[in-house]
Amino acid sequence: MAMEFSDQKQSSNELDLEEITRKILFLDKWREIFSYHRLGINNTTPQYHEGNRISADESADGTGIPQPKGQGHLPSSSLCSIPNPSIISSKLGGFPISLAMATKLRQSLFGSTAHAFSCDWKGACFQFRGPPSDPAFTLEVGKGGAQGIQMAVQGSIIKYLLFTRTGKDCNFHSLCAISKQEQDRALAAALAGILWAAGEAQKATICLVTEDTYITSTPDYSGDSFTERLQLFEFSKKDATEKFIYDHLQCFKGEGSHGVILFLYSLIFSRTFERLQKDLDVSTVHLLRPTAGGFLCRQAVLNMVLTGRANPNVFNGCQNGKSQEILHGVLTRSDIGYLQWSKNTSEDDRLSQVGSMLKTPKLPIWLCNINGNYSVLFSTNRQLLSDWKMEHLFDLHFYSGQSSEKKLARLTVDTHSHHWERDQCEDEKRPGKWFSPVEMVIRTKWREATIDWNGSVPFF
């Protein structure tokens, strides 16, 4: 009887193990199906590593020869906090990151390998306010150090929706009513366009997190559980870059995807370390600056997003610093401009004054830095900056990025009114003459402008 009970118990244990094994296989099957549909992997996937060129200082051994696929491969011990839809297969065809590349990447960002991204950076991605919310073209923007990059990309999204895509009306109402598919198209086009410009219209590099780990921590490099799992994909055509990003958009917009960090990595590799060092000067030797609890973007990062070059200053061309050192500013007009105003900045500080290259972009869209917070100003009139008569009286839309913002403010700017009329109007509206910082930043471009908020509450 005891033997019979023992046999039954053993049989029951075997059935339990078989049941567990069956369920694991069942979950694995659905995980593969889920990955297939969400990550765009199919049987006709092109070889993204074709024509891949990695410079000597980016390779593992300094020779310029990339590691063979799988070399240095280590089993992934941690998938950190990145959700599965944002992790790609290690067999997609990119080149694994090397220790030398990861080290140089961190030095370019922080100036040291001892630092790493804070939680606000890790949580930042490119996520739209989901339709049918109004306005549907706006990104959800946080308060951390990644805010500047998110708002600069927001400007490129507006550029695509208003002035680049074909077959659509270029007006504010069509902008606010875009579908989810149009959101995805706009984000992919914006990210691809920025990376393509950074690669000087020759090459773009995209970094994605894979299932496997390729490098381990050393005394000089402490891992962060996602940089060590990167693969790099290089493209020699802009449309191929855009398609790849669109197919893997979840890697940039998914919650917990580290999307902004991946984009910043891609931006640096697209620019290349060699070009990056030529862009910078003695005033800026790395791209992020420490602040209480984290890191903020230096101007070089914002300029790289806006112009394709990581020049650290906002004035035109090159100027001599206080010690006669050569400082690098903006060389050409870009599609999207930049305005800044701070209550603590003196107009006598010539090096902090934004030059005409950024003040007068090719398209009427500006990234604004107002007291260290980033926002976007734009007009739907493409001709605003190409016909001086258009600048007499015009509307600008203002997006602050605040989560509470349900409707964008429409500001009417009048640059042709007489100064005594403007002074009288402003005296009546604000006896104390406390102007909104938004008005102040607009007046850095149109100095004598009168600004009407059209019933909206001014931002202070």
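Modeller: Let's start with a pair of strands: β8 and β9 (residues 365-370) run parallel and are joined over five bridges. Strands here are DSSP E runs of at least two residues, helices are H or I runs of at least four, and both are numbered from the N terminus. Two strands count as paired if DSSP finds at least two bridges between them. Within this pair, Y338 sits opposite L367 in β9.

Before going on, a word on the source: this is a predicted model, so local features need pLDDT of at least 70 and side-chain atom pairs count only at pLDDT 80 or more, while totals for chains, interfaces and linings use all residues. Residues are numbered from 1 along each chain as its sequence is written, and side-chain values use heavy atoms, with hydrogens and water left out.

Now for the whole sheet. Six strands make it up, in the order β8-β9-β10-β11-β12-β13; the sheet is open and its pairing is mixed. At the edges stand β8 (337-341) and β13 (450-452), each with a single partner strand, so one side of each has no neighbour in the sheet. From one strand to the next, the twist averages 30°.

What packs on it? Helix α11 (residues 299-307) touches β8, β9 and β10, and its direction makes about 150° with that of β8. Helix α4 (residues 147-164) lies across β9, β10 (373-378) and β11 (393-399), running at about 10° to β10. Those angles run from 0 to 180 degrees between N-to-C directions, using lines fitted to C-alpha atoms, for helices over the stretch in contact. Contact means heavy atoms within 4.5 Å.

On to V153. Skipping its neighbours within four places in sequence, V153 is in contact with F126, L139, L187, A190, L191, I194 and F263. V153 and W121 touch the most other members of the largest nonpolar core, which has 99 residues. Such a core is a set of buried Ala, Val, Leu, Ile, Met, Phe, Trp, Tyr and Cys residues joined through side-chain atoms within 4.5 Å. Buried means under 20% relative accessible area, exposed over 50%, and partly exposed in between, with a 1.4 Å probe and protein chains only. Helix α6 (residues 180-198) gives the most to this core, eleven residues. Apart from this core lies another, of 20 residues, including I370, L377, L385 and W453.
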